[in-house]
Amino acid sequence: MIHLKNICKTYSHRTKVLRDLNLNIHPGEFVSIVGQSGAGKTTLVKILIGEERVDSGQVEIGGWDITRLSRREVPYLRRQIGVIFQDFKLLPKKTLAENIAFALEVSGGTNAKIKSIVPSVLKIVGLEDKADRYPTEISGGEAQRAAIARALVHQPKILLADEPTGNLDTINADEIIDLLLRINRFGTTVILVTHNREIVNRLNRRVVAMERGEIISDQEHGKYVL
Amino acid sequence: MNTILRILKFSAQDIARNVWLSVATITILVLTLFSINIMATVRVISDNAIEVIKGKVDFSVYLKSEAGEGEILALKTKIEGLNNVKSVDYVSKQQALQKFRDKNQNNQQVIEALRELGKNPLSPSLNILPNDTTQAAQLVESLKRLDSDIIESRDFSDNAAIVKKVDYITGKINEAGLFVIIVFSLTSLLVIYNTVKVTIYTHRREIEIMRLVGASRSFIVAPFLVSALIYTLIAILLITSIFFPFLTLLQPYLEVFFTGYNINIVSYFINNFWFIFGVEFLAAAFAAASASLLAVRKYSKV
Ligand SMILES: Nc1ncnc2c1ncn2[C@@H]1O[C@H](COP(=O)(O)OP(=O)(O)OP(=O)(O)O)[C@@H](O)[C@H]1O
Ligand SMILES: [Mg+2]
């Protein structure tokens, strides 16, 4: 599903953020990526969604070589990868349903598609009764679930989650992880970037640990190292 | 269809959410268009003025009363043969008197004096119109050198100098106007550029999310272009509704200035409405769209 071969990344002349990194992720996997602040985790996510380009090496997603993706092609990549962040990125002046519909509106979804998909993704994340609430009227956990619902509108094969629980308490965080696991069971490859030791240990899934732009450990049923 | 409606919706939201910025943008566009149209007006008026004055550039050669028809016609032919002569008009003694009477028909004293005189005191004359008023000085020289017994006196009105002056003044006005237009146009472009910059700033979350969920580049850019078009369209509508009342106010002054000549600035702009405002719309829309595109390129990372 994802093949990273010898990728290197440097921001404006400074030290290498990613050094000769190799990583293969198979379809349907649930992979946690851990590492200290500045290890290059978010940079890796940005490379996967075409926001940043590698200096050298090769990036392949679902058989598509995106190493030198043109700006024009980026939107098509984004429609195949769902992504969520620590800060939810919901529009405050739109209801949850409108936030989700927005993602389809701007990427060319038909009205019929919007009508059928918005309720179905809301149902997957368990927010069907809060569709008309505004982001300010819900909890952080619910906001992240709404963001996940939005990430699912294109039925992506891959879901990237960059510290999705960073702003949440334990209970809400666990709910989000359970939701990610459920989505993974439907067949979506999930990549979870996190700092949370308990979550990683409880998951008992593959763990990739990064340090200063390199992978220092990669375990099939890993624990939080460092 | 869906896409077009959505782009229009986003554009309307852009405009509404930064209302004052939109007002400023439209204002500067209106000012620019106003200065351009003022220049066009000055142009029309000065062209008319020059035409009018050129029509008044003529020279007269007054002849002795006793000059015979044959001699006069010979002289006429001779003058017609000179360089830069458009026409030579023979005004006989009787015609001159008739003209004089018509001109003074309300002046009882003059008519009375004429009657007391008992005879026609006026001289026959030849009126000469030059082809090219700017070269009239040479014709004046030739006429001065003209040697004939029957010539009593010569009159060279100085209107040619006036034409030169008007030409010079309008030239200066055009230069100043061009400067004003350039300043306003550049200001417009800057304002539009900054409007888009601010709009992008106020919409940075939307744009970020649009990019994340896979909105195509054209979909992100299009609303800004549509907004630019809407700004220009509103500006053009405003300028037409401001400019025609302005011309209507100007018209009476023009009529006083150009008494006896048919100059109608309002109907000039009405007759050329689609050309003038169409070209202005196209040019302004093109400039506004380019400025937006530059700003979007620079600030929205698409
Ligand atoms: N746009 C950028 N320009 C320059 N340097 C950057 C940029 N983004 C990240 N960096 C640098 O690259 C390094 C890796 O950043 P990155 O965000 O990938 O780390 P991270 O592992 O996600 O950290 P965190 O756990 O704090 O989120 C850091 O040293 C950071 O300062
Ligand atoms: Mg990070």
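Colleague: Which residue stands opposite A:Glu211 in strand 10 of chain A?

Modeller: Keep in mind that this is a predicted model. Now the general idea. Strands of a sheet pair through backbone hydrogen bonds, either parallel or antiparallel. Here, A:Glu211 faces A:Glu214 in strand 10 of chain A.

Colleague: How many bridges join strand 9 of chain A to strand 10 of chain A?

Modeller: There are 5 bridges between strand 9 (residues 206–211) and strand 10 of chain A, and the two run antiparallel. They form a hairpin with 2 residues between the strands. In that hairpin, A:Arg212 has a positive phi near 45°.

Colleague: What is the strand order in the open sheet of chain A?

Modeller: Read the order across the sheet: 6-7-8-3-9-10, with 6 strands in chain A. The pairing is mixed. At the edges are strand 6 (81–85) and strand 10 (214–219) of chain A, and each pairs on one side only. From one strand to the next, the twist averages 15°.

Colleague: Do strands 7 and 8 of chain A run parallel or antiparallel?

Modeller: Parallel. Strand 7 (residues 158–162) of chain A is joined to strand 8 (residues 189–193) of chain A by 5 bridges. For one facing pair, look at A:Ala161, which stands opposite A:Leu192 in strand 8 of chain A.

Colleague: What about side chains in a strand?

Modeller: In a regular strand the side chains alternate between the two faces of the sheet.

Colleague: Now chain B. Which order do the 4 strands of its open sheet take?

Modeller: The order is 2-3-1-4, and the pairing is antiparallel.

Colleague: Why is one side of strand 2 and of strand 4 of chain B left without a neighbour in the sheet?

Modeller: Strand 2 (85–91) and strand 4 (151–156) of chain B are at the edges with a single partner strand each, so one side of each has no neighbour in the sheet. The twist in this sheet averages 15° from one strand to the next.

Colleague: How many bridges pair strand 1 of chain B with strand 4 of chain B?

Modeller: Strand 1 (residues 59–63) and strand 4 of chain B pair over 5 bridges, in the antiparallel sense. Take B:Leu63: its bridge partner in strand 4 of chain B is B:Ile151.

Colleague: Which domains does the assignment give for chain B?

Modeller: A domain may be built from separate stretches of a chain, as in this case: domain 1 of chain B covers 2–53 + 162–299, and domain 2 covers 58–158. Their C-alpha centres lie 53 Å apart.

Colleague: Back to chain A. How many residues surround ligand 1?

Modeller: Start with the shell: 13 residues, the closest being A:Ser37, A:Gly38, A:Lys41, A:Thr42 and A:Thr43. By class, 3 are nonpolar, 7 polar and 3 charged. Helix 1 (residues 41–48) of chain A gives the largest share, 3 residues.

Colleague: Which side chains put an N or O atom by an oxygen atom of ligand 1, and at what distance?

Modeller: In the side chain of A:Lys41, an N or O atom is 2.7 Å from an oxygen atom of ligand 1. For the side chain of A:Thr43 the distance is 2.6 Å. The backbone takes part in the list too: an N or O atom of A:Gly40 lies 2.9 Å from an oxygen atom of ligand 1. Taken alone, ligand 1 exposes 640 Å², and the protein buries 63% of that.

Note on methods
Residues numbered from 1 in each chain as written. Chains lettered and ligands numbered in written order. Predicted model: local features only at pLDDT ≥ 70, side-chain atom pairs only at ≥ 80, totals over all residues. Heavy atoms only, no water. Domains from an automatic or database assignment. Near = heavy atom within 4 Å. Polar contact = N/O pair within 3.5 Å; in protein donor to acceptor, adjacent residues only side chain to side chain. Areas by Shrake-Rupley, 256 points an atom, 1.4 Å probe, with all protein chains shown as cover. Nonpolar A, V, L, I, M, F, W, Y, C, P; charged D, E, K, R; others polar. Pairing = 2+ DSSP bridges. Axes fitted to C-alpha atoms, helices over the stretch in contact; angles between N-to-C directions.
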